[in-house]
Amino acid sequence: MGGFAGSPTLPAPARGRRNYARCRDGGSAAGEDATVTIDRIGPPLTGGERETLRAFLDYQRATLTMKCEGLTDEDLRRRSMPPSTLTLLGLVRHMAEVERTWFRRVIAAEDVPLVWSDRGDYQVAYDASTATRAEAFAAWQAEVVHARRIERDAASLDVTGHQARWGQDVSLRLVMVHVTLEYARHNGHADLIREGIDGVVGA
């Protein structure tokens, strides 16, 4: 396991794009391959607080995408190991809920339900038994777009929103750190799930 999810070594701060093939099931038409462009950029070693937080979060987002590279929908729905029911597709769906909750519902105070549950049940997203890459990634990537917009539009990291489940106001700074930690934790799960599917390791 490498990268931020499983190694203390920081990635090189080199900038660049890497193209990873998406599975055929996620293509624009049956039987076609599609590609998704991933920006996986190491954090600035001497950057400011906001720039650094943004870079760490985007790095973790890109790592989750890489963990799903080249797999079929069936692979993405494959469970890790009993009794766990975690799947890569379930993790993608869960992170869509995380992004939506912390940026749109908490910081932007948008009155929107969860992506997959209008009852506020976060466990629903983990059930990827009938999900597809196209559905899950479209929802997740849409939430990432919203999250980036909300963060960039905020005057500072001191902007606050209300976390109803905690009954407390929280800063954008806290949200950036919290969501990054969510990704780091689940990218560790993704490392193990991916290794179990086809032996691919490292990030």
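A cavity here is a set of points, on a 1 Å grid over the protein atoms alone, where a 1.4 Å probe fits but cannot get out. Grid points are joined across faces, edges and corners, and a volume is the space filled by probe spheres set on the points. By this rule there are two cavities of 30 Å³ or more. The model is predicted: local features need pLDDT of at least 70, side-chain atom pairs count only at pLDDT 80 or more, and totals for chains, interfaces and linings use all residues. Residues are numbered from 1 along each chain as its sequence is written, and side-chain values use heavy atoms, with hydrogens and water left out.

**Largest cavity**

The largest cavity has a volume of about 60 Å³. Its lining (residues with an atom within 4 Å of a point) consists of Arg54, Leu57, Asp58, Arg61, Phe103, Ala147, Arg148, Glu151, Arg152 and Met176. Two or more lining residues come from each of α2 (49-67) and α5 (133-153). Helices are DSSP runs (H or I, at least four residues), numbered from the N terminus. The lining of the largest cavity has four nonpolar, no polar and six charged residues. In this grouping, Ala, Val, Leu, Ile, Met, Phe, Trp, Tyr, Cys and Pro are nonpolar, Asp, Glu, Lys and Arg are charged, and the others, Gly among them, are polar.

**Helix packing**

Axes are lines fitted to C-alpha atoms, for helices over the stretch in contact, and angles run from 0 to 180 degrees between N-to-C directions.

| Pair | Angle | Axis distance |
|---|---|---|
| α2 and α6 (residues 172-198) | about 25° | 9 Å |
| α4 (residues 88-107) and α6 | roughly 175° | within 10 Å |

α2 is therefore roughly parallel to α6, the term for angles under 35 degrees. α4 and α6 are roughly antiparallel, the term for angles over 145 degrees. The crossing of α2 and α6 is left-handed, meaning that the near helix is turned anticlockwise from the far one by less than a right angle.

Contact means heavy atoms within 4.5 Å. Between α2 and α6 the contact residues include Leu53, Arg54, Leu57 and Arg61 of α2 and Met176, Val177, Tyr183 and Arg194 of α6. The residues of this contact divide into 12 nonpolar, four polar and eight charged. For α4 with α6, the contact has 16 nonpolar, four polar and three charged residues.

**Backbone in the loops**

Most residues other than glycine have a negative phi, and most peptide bonds are trans. Pro82 and Pro83 are joined by a cis peptide bond, with omega about 0°. Pro83 sits in the loop between α3 (73-76) and α4. Ala109, in the loop between α4 and α5, has a positive phi near 55°.

Technical notes: 1 Å grid on protein atoms, 1.4 Å probe; cavity = no way out; pocket = protein on both sides within 12 Å on 5 of 7 lines; lining within 4 Å. Parallel < 35°, antiparallel > 145°, perpendicular 65-115°, else oblique.
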